[in-house]
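Subject: Structure for your review

Dear colleague,

Please find below the structure that I am handing over to you. My notes on what was found in it follow directly after.

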Amino acid sequence: MNNRLRVMRAERRWSQADLAQRLEVSRQSINAIETGKYDPSLPLAFKLARLFETTIEAIFTDAPLEIE
Amino acid sequence: MTSEDSTTARRLSTREMQRGVAPFILLYFVSYLFFSHGHPAHNSARAYVQVGCLGVSMVAMIIALAVFTMRQRDEFQRQLLMLAILWGLCGTFAITTVWGMLESLTDVPRLPIVASFPIFIVIMAITKVTLFRRNRAADE
């Protein structure tokens with residue numbers, strides 16, 4: 001599963017620690033999600049989508065990501 | 001621990017770990033004090049109490065681990081912990097099975113059954129440290 005988390009986080013100028021704080025997870029988890037080592041559960045994906053005010057599909061995709 | 005590691009999740013995780021391990025530590029010290037000062041004089045009675053305390057401490061440790069796993073809010077860390085537990089279980093089964101076969105076929109010394117729990121804990125601890133090191137947050 002690919003995701004745009006790193007890009008979306010950078011757009012808001014949040015560090016991994018900031019995002020971890022907002023989601024109440026560890027920075028380790030954010031790093032694992034961003035690098036594709038770990039796919040979050042549906043509740044965490046919804047939490048991410050709500051935080052970024054977007055949909056889950058806008059963050060996660062099973063298609064290869066286009067380089068921006 | 002760096003300042004970046006002190007997220008809310010990390011603090012919650014540490015608090016839950018402290019709460020979970022507290023019964024084990026308490027039991028350990030109670031049994032330590034018991035054997036240091038007020039242990040029964042009769043050998044068999046002492047052995048019964050010792051085995052009982054050891055059993056209770058082990059059960060307390062398993063309960064502590066279960067409570068910590070259930071209350072762990074960070075799902076990624078919970079997954080790493082579950083993996084470590086699985087490795088611990090599988091490693092214990094593998095070691096005790098192979099050792100049992102060796103006992104049947106060769107003259108190796110008998111592996112006491114009480115060793116299985118420490119084997120599990122050691123394998124789980126090694127795996128946990130390895131997994132957490134492999135998956136630690138890289139620099140941004």
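A polar contact here is a pair of N or O atoms within 3.5 Å; within protein, one atom must be able to donate a hydrogen and the other to accept it, and residues adjacent in sequence count only if both atoms are side-chain atoms. By that rule, eight residue pairs are in polar contact between chain A and chain B, both residues of each pair being at pLDDT 80 or more.

Please note that this is a predicted model, in which local features need pLDDT of at least 70 and side-chain atom pairs count only at pLDDT 80 or more, while totals for chains, interfaces and linings use all residues. Residues are numbered from 1 along each chain as its sequence is written, chains are lettered from A and ligands numbered from 1 in the order in which they are written, and side-chain values use heavy atoms, with hydrogens and water left out.

The interface

The size of an interface is often given as the accessible area lost when the parts come together. Chain A and chain B bury about 1,800 Å² between them, a figure that is the accessible area (1.4 Å probe) lost on putting the two parts together, summed over both. Carbon and sulfur atoms account for 44% of this buried area. In terms of contacts (heavy atoms within 4.5 Å), 19 residues of chain A meet 21 residues of chain B.

On the side of chain A that touches chain B, α2 (16-23) and α3 (27-34) of chain A each supply at least two residues. The most is given by α3(A), with five residues. Sorted by class, that side of chain A has seven nonpolar, eight polar and four charged residues. For this sorting, Ala, Val, Leu, Ile, Met, Phe, Trp, Tyr, Cys and Pro count as nonpolar, Asp, Glu, Lys and Arg as charged, and the others, Gly among them, as polar.

Chain A as a whole

Chain A has five helices and two strands, arranged along the sequence as β-α-α-α-α-α-β. Helices (H or I, at least four residues) and strands (E, at least two) are DSSP runs, numbered from the N terminus. Of the 68 residues of chain A, 44% are buried, where buried means under 20% relative accessible area, exposed over 50%, and partly exposed in between (1.4 Å probe, protein chains only). Among the contacts in chain A with a separation of 6 or more, 56% are between residues 24 or more positions apart.

Salt bridges

Over all chains, the search finds three salt bridges. Arg6(A), Arg9(A) and Glu34(A) are linked in a network of such pairs. Glu34(A) pairs with Arg6(A), the closest N and O atoms being 3.5 Å apart. Because Glu34(A) lies in helix α3 of chain A and Arg6(A) in helix α1 of chain A, this pair ties together parts that are 28 residues apart in sequence. Glu34(A) also forms a salt bridge with Arg9(A), at 2.5 Å from N to O. Since Arg9(A) likewise lies in helix α1 of chain A and Glu34(A) in helix α3 of chain A, this pair ties together parts 25 residues apart in sequence.

Are these side chains buried or exposed? Glu34(A) is buried, at 10% relative accessible area, and Arg9(A) is buried at 5%, whereas Arg6(A) is partly exposed at 39%. Leaving aside residues up to four places away in sequence, Glu34(A) touches Asn3(A), Leu5(A), Arg6(A), Arg9(A) and Gln16(A).

A further salt bridge joins Arg12(A) and Glu11(A), with the closest N and O atoms 3.9 Å apart. Arg12(A) is partly exposed at 32% relative accessible area, and Glu11(A) is exposed at 51%.

Backbone angles

Most residues other than glycine have a negative phi. Arg13(A), which is not a glycine, has a positive phi of about 60°. Arg13(A) lies in the loop between α1 (5-11) and α2 of chain A and is exposed, with a relative accessible area of 77%. Glu24(A) also has a positive phi, near 60°. Glu24(A) is located in the loop between α2 and α3 of chain A and is partly exposed, at 32% relative accessibility.

With kind regards

Terms used. Salt bridge = Lys/Arg side-chain N within 4 Å of Asp/Glu carboxyl O.
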